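Open the model in your viewer and keep the selection panel handy. Let's take a short walk through it, one selection at a time.

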Amino acid sequence: QVQLVESGGGLVQAGGSLRLSCAASGRSFRNYGLAWFRQAPGKEREFVAYISWSGARSSYADSVKGRFTISRDNSANMVYLQMNTLKPEDTAVYYCAAEITGWNTKWTQSEYDYWGQGTQVTVSS
């Protein structure tokens, strides 16, 4: 079992920054690929970023490239999403997710084995 708990969401003005955190617990955490997804009201959950188990590989949705950075600290069982130059369109509930393959980027929800409960990010204009 892997448990994921997100934190760090809140209200920020357009152009501002937030850093989301996800604390993980459970067996073989170091070997899991980790990702962030987001879901706005009335829309499907969409991929945001992925990081491999070692942190050597990361991938981003085109909509956040150059603005968001995913990172992880395996010694602390944490994954982070640094969000800069936030836009109103970034408003969503952000979820962290884990998959056991650990290396190749997984782009869709169905490829992940564990999910957190989400944290709300609201960007005002």
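Predicted model: local features only at pLDDT ≥ 70, side-chain atom pairs only at ≥ 80, totals over all residues.

In soluble globular proteins, nonpolar side chains tend to be buried together.

Next, select strand 3 (residues 18–26) and look at its partners. Strand 1 (residues 2–7) runs antiparallel to strand 3, joined to it by six bridges. Find Leu4 here, with Ala24 of strand 3 opposite. Strand 8 (residues 78–83) is also antiparallel to strand 3, again with six bridges. For this pairing, centre on Cys22, which faces Val79 across the strands.

Pick Asp62 and Lys65, whose side chains meet at 3.1 Å, N to O. Asp62 is exposed, because its relative accessibility of 64% is over 50%.

Move on to Glu99 and Lys106: their salt bridge spans 3.7 Å, N to O. Is this pair buried or exposed? Both residues are buried.

For the last stop, select Arg38, Glu46, Arg67 and Asp90, which salt bridges with shared partners join into one network. Within it, Glu46 and Arg38 meet at 2.7 Å, N to O. Glu46 is partly exposed at 36% relative accessible area, whereas Arg38 counts as buried at 4%.

How values were computed: Residues numbered from 1 in each chain as written. Heavy atoms only, no water. Pairing = 2+ DSSP bridges. Helix = DSSP H or I, 4+ residues; strand = E, 2+ residues; numbered from the N terminus. Salt bridge = Lys/Arg side-chain N within 4 Å of Asp/Glu carboxyl O. Buried < 20%, exposed > 50% of the residue type's maximum accessible area, 1.4 Å probe, protein only.
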